[in-house]
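Here is a short report on a ligand site and on the charged pairs of the chain around it. Please keep the structure in view while reading.

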Amino acid sequence: MIETFDAKGFLVVPDVLNSDEIEYYRNIYEQFLNNKIDASRYRSDLGGFAKTDEDVKQEKITQIMLPGRVFPELLTKKMHTLSLQMAKELLGEDMELDFDMLIDKAPFSATATPWHQDCAYWITMPDKRAASCWMALDDAIVDNGCMWYVEGSHLGPIRPHRPAGKGGGALQCDAEESEGTAVEIPAGSCVWHHGATLHYSRGNTTALRRRAYISNFRPAEMIRFERERGFDHTGEREVKDERAQDQLS
Ligand SMILES: O=C(O)CCC(=O)C(=O)O
């Protein structure tokens, strides 16, 4: 599995959570979505680039940063403890949780997450080791927005990124589905990707839910490096890694 991750830049780990555990996380996830757990200061629309009058009435892609900080019980449960263990096996014993987030694509919200490499969002760091664990809390299929990855892209250059549109939201770079692989996984399974792996997901065009819980890991020393520079993954989104600056724009 480690070799696969190193070569491809992504890795499926099946059947991590059992049905009771999935239910536990879904229950908390719903409390975040309906604001029973108030994370409004960390909530935004990752699909906020699709700005017609109709679009602004409803979040297209709900992103809530740092659920584990808002509701610390999560940090002690299986998803966080096991994914930290996996991160250490994949990238080294010095891995620690940098941030977590919820990304929800509501039924029929039909908004793609644009192609991007996560490191474009981050400040340039001397140690590039980083990985995200994308945990499916619903079956993830192509039509509700499973993840797509470009195999080996973490080994190549960082593509130029730009804001996906006006008004915050996501970053994007140029890439095509024909370059990538769709990774359909059942609820309770996860897929890992490297911080430089090019990825994307289609919009949810179905009546199905598509709840994902994402945890990101990097060396403890690099987390310190970020925090010393005031970077904690709660701020405005813009191209931060100098390798991803769009020289053409
Ligand atoms: O869930 C999605 O659609 C996108 C997730 C993503 O970009 C990430 O985990 O880095």
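In this predicted model, an oxygen atom of the ligand lies 3.4 Å from an N or O atom in the side chain of histidine 193. The protein covers 97% of the 290 Å² of accessible area that the ligand has on its own. Strands E4 (95-104), E5 (113-116) and E12 (199-201) each give two or more residues to the shell around the ligand.

The shell counts 13 residues. Thr113, His116, Trp134, His199 and Ser201 are the closest. By type, the shell holds five nonpolar, five polar and three charged residues. Threonine 113 has a side-chain N or O atom 2.8 Å from a ligand oxygen. For tryptophan 134 that distance is 3.0 Å.

Histidine 116 also has a protein partner. Its side chain makes a polar contact of 3.0 Å with the side chain of aspartate 118. Aspartate 118 sits in the loop between E5 and strand E6 (131-136). Is aspartate 118 buried or exposed? Aspartate 118 is buried, yet it has no salt bridge. The nearest side chain of opposite charge is arginine 218, 7.8 Å away. A salt bridge needs the nitrogen within 4 Å of a carboxyl oxygen.

Elsewhere, charges do pair. The structure holds 22 salt bridges. Three of them are listed here.

| Salt bridge | N to O distance |
|---|---|
| Glutamate 96 and lysine 88 | 3.7 Å |
| Arginine 227 and aspartate 98 | 2.8 Å |
| Arginine 162 and aspartate 174 | 2.8 Å |

Take glutamate 96 and lysine 88. Glutamate 96 is partly exposed, at 32% relative accessible area. Lysine 88 has 19% and is therefore buried, because the cut-off for buried is under 20%.

Arginine 227 and aspartate 98 link distant parts of the chain, 129 residues apart. Arginine 227 is in helix H5 (residues 220-228), and aspartate 98 is in strand E4. Arginine 227 is partly exposed at 34% relative accessibility. Aspartate 98 is buried at 6%.

Arginine 162 lies in strand E8 (residues 162-163) and aspartate 174 in the loop between strands E9 (171-172) and E10 (181-183), so this pair ties together parts 12 residues apart in sequence. Arginine 162 is partly exposed at 26%. Aspartate 174 is exposed at 52%. Salt bridges with shared partners also join Glu23, Arg26, Glu30, Asp104, Asp138, Arg209 and Arg211 into one network.

Isoleucine 214 belongs to strand E13 (residues 211-219). Isoleucine 214 counts as buried, at 4% relative accessibility.

Terms used:
Residues are numbered from 1 along each chain as its sequence is written. This is a predicted model: local features need pLDDT of at least 70, side-chain atom pairs count only at pLDDT 80 or more; totals for chains, interfaces and linings use all residues. Side-chain values use heavy atoms; hydrogens and water are left out. A residue is near a molecule or strand if one of its heavy atoms lies within 4 Å of it. A polar contact is a pair of N or O atoms within 3.5 Å; within protein, one must be able to donate a hydrogen and the other to accept it, and residues adjacent in sequence count only if both atoms are side-chain atoms. Accessible areas come from the Shrake-Rupley method with a 1.4 Å probe; for residues, only the protein chains shown count as cover. Helices (H or I, at least four residues) and strands (E, at least two) are DSSP runs, numbered from the N terminus. Ala, Val, Leu, Ile, Met, Phe, Trp, Tyr, Cys and Pro count as nonpolar, Asp, Glu, Lys and Arg as charged, and the others, Gly among them, as polar. Buried means under 20% relative accessible area, exposed over 50%, partly exposed in between (1.4 Å probe, protein chains only). Lys and Arg count as positive and Asp and Glu as negative; His and the chain ends are not counted.
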